[in-house]
Amino acid sequence: MGSSPLFAQQIKGKIFDAHSKEPIVGVTVKIKNGNVGTVTDAMGAFSIPSTTATIVISAIGYQTVEIPAQTALQVALEPSVSELQQVVVTASREAQKRTEAPVAIAKLSNQLLNDTKPVNIYELINKAPGVVMLNLNNEQHGMSIRQPLTLNSYFLYMEDGVPIRPMGLFNHNALIEQNIFAISNVEVVKGPASSLYGPEAVGGAINFITHRPTAVPTAKIGLQADQFGYQRVQYSAGGMLTKHFGVYAGGFVARQRNSWLTTTDFDKTALNARLEYKISDKTQLINTWSYNNYDSQMGGSLDSIAYYSRTYRSVADFTYRRVKALRSRLTLEHRWNDRSETTVTGFYRYNDYPMQPTFRITWRTGATTAAGEINNTIFSSYGLIAQHSQKFDFLNSKLLVGATADYSPVNYLAYQTELNPILRADRRSVERYEFVRERPDLKVGNYEANVLSTGYYAQLDVRPLPQLLLTLGGRFDRMSFDYTNFLDNTSGVRAYQQLTPKIGLTYDLGQGKGLYANYSQGFAPPSVTAVFRRRTTPAPNGDLFFYNLQPARFDNVEMGGWASLLNNKLYVDAAVYQMNGYDELLSVRLPDNSTDSRSAGRTLHRGVEFGLTYKPNKEWLVRAGGAHSIHRFVEFVLSERTADVVKNVNGFDMPSAPRFRSNTEIFYKPRWFKGFRVAVEWQYLSPWFTNQVNTSRYDDRTAFGLQGMSLLNIRTGYEWKGVEVFVNVLNATDELYTNNVTRGNAATDRATFTPGSPRTFVMGIQYNFVGKK
């Protein structure tokens, strides 16, 4: 049968995000008032029969547009105002509507990233409701998601769904190995995600989505600097080299000299690249590369005398942290049909991590000698992730199954150094330390291990009712390692394994409102290095190492809901959760400033989280989020010695656990001054206890006279014809505050403070090029 003249020609085009310029997959393109249409492919391209009628373009997460028919179309879609329409990938390892995920999840968009112009990742992560990323200076950090402000291994950091580090080798500073100028958006899952992603995804998981090749040619080059000696050159470029092959690359070179805190010079080079090749309409190949080279002095913490006098002088000028990290993945995606899809990913990691850290310096009050440490961790990883999803007609269900394998040989060496403490007049505190010599003969840790982690997971989504989505999932993980501990000349094999189930449901109440609930478990084995570091003091049974550390387990129950109100101008969501921890691994600070690892019998984590977005018009946007939470010891024996006054802390608050946290921001983009923007952000943490026996508390007054940590940030910028200038004022009221304060449990122990930066002016200029084809 021959074609009529009406359909002899085709209208071709591409659809992309108005901000990131990334192609949008699965956009519906239809002829208005007709039944002719199609969807965009992986490159955002489409083709429909020629017509003179209006074309309607719609996609989940974007505003629907109607445009006149043309021979060739390039359409930039604006993201939807309503967060209900967001598409997320981390909640189920596949793209799905936010409202179909029975978890608390926050998406930090590309537009928010561009408006923030962050120097460090914490500036972005802290905008996720209820989440706090500690800034420990020079990109060093801690994290808090349904946990106290902590450095523990209860969070999973991923890049495009692949863990940045292997299981058992967590480092709380792993995001140093991240390139903020190659990120498209970030998704934060709150609560255990072990049923899909395995161990360490206990408090939550953060997935950094790298920037795809852009649908049109793009390039950026810019400079950022502050008055304290930080300078950065940043760049990116992307586009489609052919109809089937696209590339995006971005990175930066940063340096800092003579900052407000002495001994904090650092250099960092970061580069990411992503290549995508469309083999056919059903098959795509993705290759990503990430390289980070970081070399930093470690300013460390201050005692109370230096902190409260604003004497920002480091106690040591010889400490350092260095990182060389390389990651790559190759992913094959194949869509068998509209109901079936398979993904296979192979990945590689290399990490070399030498340091002489400030936090390993040990000194007893009044002593004339002190000790430090030099250590180095080197590992390589070879891994595979395979996944298949299948949709069924029965109850409109979908089954997801997958398997992971990660083999990571690791070498670790740590030994002491001799230091000379220069004491203050009271002889109860140290003004600074002098380096004397290395002591490689006094080893703290020295081992080799081959870590093999395997996991098998499945998740079933069914709809017993049109409004009800039921999710059943589970994962079995096993981490084993054959090892040689050169300190006690032992070899062997150790293994940890766990089945982690999950059940969840979402119920659509209609008119933009819904509820969800879930029960999930989390599982975190002890880190390999924690097992093989020599104890500061022998255990009661005489053990010199932590061979008997048990995996931490968590049971989590939560309920939540969302609502879109005022004609979709107001979006609110909330969640209430309780997470019970068993054998949670904690660090106990000893009198000489060293730490000992111990497993708490039981802990309680309970809280309410909330998020709000209000956009009354195109000029104003208000974003707010926070949490009220309790983190408490239920059963934790601190000491079995009869001489100690406090033997357990049952019922005590965990240290570094503020009851309330919030982050609020108001954006203004005036229509009468196109290209201009200004935002005011307020971050708040209520007071918290600084030790486990609750005898010391951080409750200083900061911005607005509030106790705890209260900070004000102001960000403004202007873009004209691709040239963008911006100024960010961080800690605008110049508060004295700390990002982390700790104290031992003994009455004679003194607090140490990691100071936050004084008022900082970050200034930048950037040129943004966008081509037409």
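Two strands count as paired if DSSP finds at least two bridges between them. Strands themselves (E, at least two residues) and helices (H or I, at least four) are DSSP runs, numbered from the N terminus. The model is predicted, so to speak: local features need pLDDT of at least 70, side-chain atom pairs count only at pLDDT 80 or more, and totals for chains, interfaces and linings use all residues. Residues are numbered from 1 along each chain as its sequence is written, and side-chain values use heavy atoms, with hydrogens and water left out.

Sheets come up first here. In general, strands of a sheet pair through backbone hydrogen bonds, either parallel or antiparallel. V188 has I206, in β16, as its bridge partner.

Another open sheet has 3 strands, ordered β22-β42-β41, with antiparallel pairing. Its edge strands are β22 (302-303) and β41 (738-742), each pairing on one side only. Between β22 and β42 (residues 752-755) there are 2 bridges, and D303 finds its bridge partner, T752, in β42.

Next come the charges. Side chains of opposite charge can pair when their charged atoms come close. With a salt bridge taken as a side-chain nitrogen of Lys or Arg within 4 Å of a carboxyl oxygen of Asp or Glu, the count comes to 41. One of them joins E276 and R212, at 2.7 Å from N to O. This pair links distant parts of the chain, 64 residues apart: E276 belongs to β20 (residues 266-278), while R212 is in the loop between β16 and β17.

On the surface, a nonpolar patch includes I221, Y235, V253 and F769, and its residues together have about 980 Å² of accessible area. Patch residues have over 30% relative accessible area and no salt bridge; like charges are joined within 9 Å, nonpolar side chains (Val, Leu, Ile, Met, Phe, Trp, Tyr) within 5 Å. Areas come from the Shrake-Rupley method with a 1.4 Å probe, and for residues only the protein chains shown count as cover. β43 gives the largest share of the patch, 3 residues, and V253 is found in β19 (residues 245-256).

A cavity is a set of points, on a 1 Å grid over the protein atoms alone, where a 1.4 Å probe fits but cannot get out; lining residues have an atom within 4 Å of a point. There are 15 cavities of 30 Å³ or more.

Technical notes. 1 Å grid on protein atoms, 1.4 Å probe; cavity = no way out; pocket = protein on both sides within 12 Å on 5 of 7 lines; lining within 4 Å. Points joined across faces, edges and corners; volume = space filled by probe spheres on them.
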